[in-house]
Amino acid sequence: MLGIFIVILDGLWIVETVDSYDIYPGSAWVLLAIGLCLMMFAYSMIQHKRKRETRTKDEVQEIQDERTPTQRFVNRMWKKREAVGGKIILFLLIIHAVIAVFHLGVALRMLQISIFVGMITFSFFYILNDDRGDLKEQEEDLKPQSQFMQTFMRLIDYRQHPFSLGLLVFLIIVLTFLITKWFGWELSLETGGNPRYVMSLPASTFILSGLTVACGLIYINQHCDFLGLRQTEQGAYRLFQIHFYELIACGASFFIWLGIIILSWIFA
């Protein structure tokens, strides 16, 4: 999880500071590489552990059924998410409104940070709450008939690997920022005025960061204990919900990125 956070935080910093640098410092490249290497290392360690796993399915199920205090807390917070979330949002809005009276820029910056933390927190409770239901029935109901689609769904099954479509599009956008700055190319980002697109490329990158964390949490909770939470079998229904948001966020972000690249090349 550390690798995912390093990649995301470094990527968001790169996108947010696009107007502050003619060429990004070398540390931006280094942190991105470190994050990706940590992700690969953690994935290799988990895969190695899976190959050496000797427990039977009944033993694994028995361990999963022993709910820890942390798991009970997560389940309780998820059930009360509307009441608790509403109070937190109201409190934050009041705080941001007060700060905006004195300094609008600081308030907007804090609002952005609050939204990011909110996305991560929601993903955490959504993925890690213990609401498995009948997993076998879920797999059968949501299994596509086409052999091609079955193969494709296995490739984007984040219970088997943490490398999601959201992470791929996120990296494409971040590397575009790094490379264009390195070669001195200008991108028509349209972050102000009257943009052609519903959202800007930096805003879409921000949304992809939350989606990437959710995919990483699915993989981690599927294969190992995490922050006092037992390893839990993730159902296909939850995975398909992630795919639904992916279709929107990744599709929009990719086509905005493609449009900006084409327009920047035409008007270069």
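Is Thr-205 buried or exposed? At 0% relative accessibility, Thr-205 counts as buried (buried is under 20% relative accessible area, exposed over 50%, partly exposed in between, with a 1.4 Å probe and protein chains only). The legends below start with the whole chain and then move to close-ups.

This is a predicted model, in which local features need pLDDT of at least 70 and side-chain atom pairs count only at pLDDT 80 or more, while totals for chains, interfaces and linings use all residues. Residues are numbered from 1 along each chain as its sequence is written, and side-chain values use heavy atoms, with hydrogens and water left out.

**Figure 1. The fold is helical, with 11 helices and 0 strands.** Helices (H or I, at least four residues) and strands (E, at least two) are DSSP runs, numbered from the N terminus. Along the sequence the pattern reads α-α-α-α-α-α-α-α-α-α-α. Of the 268 residues in the chain, 39% are buried. Among contacts with a separation of 6 or more, 80% join residues 24 or more positions apart (contact means heavy atoms within 4.5 Å).

**Figure 2. Thr-205 sits in helix H10.** H10 is largely enclosed by the rest of the structure, because 21 of its 23 residues are buried. From first C-alpha to last, H10 reaches 33 Å, close to the 33 Å expected at 1.5 Å a residue (the expected span is 1.5 Å times one less than the number of residues).

**Figure 3. Helix H1 covers residues 2-16.** Its 15 residues should span 21 Å at 1.5 Å a residue, and the end C-alpha atoms are 21 Å apart, which agrees. Buried residues in H1 are Gly-3, Ile-4, Val-7, Ile-8, Asp-10, Gly-11, Leu-12, Ile-14 and Val-15. An α-helix has 3.6 residues a turn, so residues three or four places apart point the same way.

**Figure 4. A salt bridge joins Arg-109 and Glu-16.** The closest N and O atoms are 3.9 Å apart (a salt bridge is a side-chain nitrogen of Lys or Arg within 4 Å of a carboxyl oxygen of Asp or Glu). The pair links distant parts of the chain, with Arg-109 in helix H6 and Glu-16 in helix H1, 93 residues apart. Arg-109 counts as partly exposed because its relative accessibility is 44%. Glu-16, at 36%, is also partly exposed. Side chains of opposite charge can pair when their charged atoms come close.

**Figure 5. Asp-157 and Arg-159 meet in a salt bridge.** The N to O distance is 2.9 Å. Asp-157 is buried, with a relative accessible area of 9%. Arg-159 is buried too, at 7%. The structure holds 2 salt bridges.

**Figure 6. The largest pocket holds about 980 Å³ of space.** On a 1 Å grid over the protein atoms alone, a pocket is an open set of points where a 1.4 Å probe fits, with protein on both sides within 12 Å along at least five of seven lines; lining residues have an atom within 4 Å of a point. Grid points are joined across faces, edges and corners, and the volume is the space filled by probe spheres set on the points. Of the 31 lining residues, Gly-118, Met-119, Thr-121, Phe-122 and Ser-123 are the closest to the centre. H6 gives the most to the lining, with 10 residues.
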